[in-house]
Amino acid sequence: MKPAPFEYFCPDSLDEAVVLLAGRAAEAKLLAGGQSLVPLLNFRLLQPAALIDINRLSELAFLAEDRGGLRIGALTRHHALETSPAVAALFPVLSEAMAHVAHLAVRNRGTIGGSLAHADPAAELPMVATLLDAEIRTRSAAGPHTHDARDFFTGPLSTVLADDEIVTEVFLPALPPRTGSAFAEFSLRRGDFAIAAVAATVTVADGRITAARLAVAGADERPLRLDEVEASLAGQCFDADLVETAARLAGESVNPFTDLRASADYRRHLVAVLARRVLTEAHARIAVGAA
Amino acid sequence: MSKHRTIKATVNGIAYERSVEPRLLLSDFLRQTLGLTGTHVGCEHGVCGACTVLIDGDSARACLYFAVQADGRHIETVEGLGTIDDLSPLQQEFREHHALQCGFCTPGMLMTCVDLLKKYPLASDAEIRDGLSGNLCRCTGYEHIVRAVRAAAARRGRKDDG
Ligand SMILES: Cc1cc2nc3c(=O)[nH]c(=O)nc-3n(C[C@H](O)[C@H](O)[C@H](O)COP(=O)(O)OP(=O)(O)OC[C@H]3O[C@@H](n4cnc5c(N)ncnc54)[C@H](O)[C@@H]3O)c2cc1C
Ligand code: FES
Ligand code: FES
């Protein structure tokens, strides 16, 4: 299985890439880590007339702290996120998630921009971006644009990105003080795509939950936030019964699919079990951090 | 349409200049253009790990990388590790522990392990198995590969020769 012929461009700057893409948006594809795109080319599921290789755009490979949050350049490799001290300090839930993304050889190449643009419904990064209310910043010939992660993913392998839009960076806004977070995933082997994954943040003040966030991957056609569950937790005192009820609600509020790896019922069960774990763990971590 | 490009790449310390079609995979460039058939090809979609090589020191799937992208890069393949008479320490551990049978997966296993040994403590068998999860072996049942990596990790601790 070999790719069909294509024309190859390798711009040295973002400006150049924007112009190249604008001129041939309908028939060109951006090439980042290639870890999702090249399999599709090898199978000839995609036969773009041109590839625009963005690997030399070093201006898109950066990690910068910004107002307690993080700006992550689109070309940041998975392995850089996995091992970044800034990510571990500010967004431990992201470090935790990265350990589940593929295998080292794939993490060395795969990028955050590629993962978000590819939008696999079982992928970890789109789900964590949704959890953390990330801003996805892009450039096209029309200028810069910002998308909320919660509105970015529209279905399996589908996003709101226009053909000529390049993801340039992802901004993760600071978490409020006294927030704990956790991530849990079930897959058949380490590095496989999730059968289901759930992540949470829990914020407390004066003994009550002021805000909770819960996101799931692998349980629908796109990563989801479970608004109903989040609302059921806000303003409550944390205890095991509350978490049990929230976890049950989480399982009931997703609408998963059946495939070769797992049935819809099993996925719903997993979402409930993993939701209980991450909510409990996220809460426990605040207590430790703030004691 | 897809006109050839001339690339300059270093493979196992030797500089090459070749004209390649953009769609040529690095795995085919190594095997067919350069005749370095140590890099194996199993699946051509990133799943089996047989084609794993080092690109500028980091492990990567040669089947998910185009030869044109290698312009100016340093590639290392299994041929660069050791020779039959002078095996690398990691290759010696694979031999000692019977970590191969047919040998099809071995080049990818070795190149993966070179990078794992550089980047992770590999302090437990669980961590070693996680590290090997992207490389499929149909013969050994993995147990002997885990033992070889465990020994290589311990040897690395003693002297810095991974
Ligand atoms: C064996 C294997 C296992 C894997 N397991 C997992 C896993 O467990 N979890 C997981 O999340 N992923 C997994 N992946 C996928 C991996 O994370 C990919 O790296 C990621 O999905 C795509 O990133 P990339 O940089 O490789 O993008 P590419 O493959 O280069 O591109 C993917 C798509 O995004 C577009 N694109 C790329 N960059 C941009 C940009 N800056 N702006 C706009 N569009 C862009 C491309 O045009 C293409 O359509 C796995 C891959 C393999 C081969
Ligand atoms: S041939 Fe490249 S991973 Fe299987
Ligand atoms: S030794 Fe035969 S595939 Fe691993």
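## Ligand 1 and the two chains around it

A backbone N or O atom of A:Leu37 lies 2.7 Å from an oxygen atom of ligand 1, a polar contact (a pair of N or O atoms within 3.5 Å). This is a predicted model, in which local features need pLDDT of at least 70, side-chain atom pairs count only at pLDDT 80 or more, and totals for chains, interfaces and linings use all residues. Residues are numbered from 1 along each chain as its sequence is written, chains are lettered from A and ligands numbered from 1 in the order in which they are written, and side-chain values use heavy atoms, without hydrogens and water.

| Residue | Atom of the residue | Distance to an oxygen atom of ligand 1 |
|---|---|---|
| A:Leu37 | backbone N or O | 2.7 Å |
| A:His78 | side-chain N or O | 2.9 Å |
| A:Lys29 | side-chain N or O | 3.3 Å |

Taken alone, ligand 1 exposes 970 Å², and the protein buries 93% of that (Shrake-Rupley method, 1.4 Å probe). Ligand 1 lies between chains A and B. Around ligand 1 there are 33 residues, each with a heavy atom within 4 Å; A:Gly34 and A:Glu124 are among the closest.

Now to the chains themselves. The contact (heavy atoms within 4.5 Å) takes 35 residues from chain A and 33 residues from chain B. Across this interface there are 3 salt bridges, a salt bridge being a side-chain nitrogen of Lys or Arg within 4 Å of a carboxyl oxygen of Asp or Glu. B:Asp130 and A:Arg190 meet in a salt bridge at 3.7 Å, N to O.

Notes:
A polar contact is a pair of N or O atoms within 3.5 Å; within protein, one must be able to donate a hydrogen and the other to accept it, and residues adjacent in sequence count only if both atoms are side-chain atoms.
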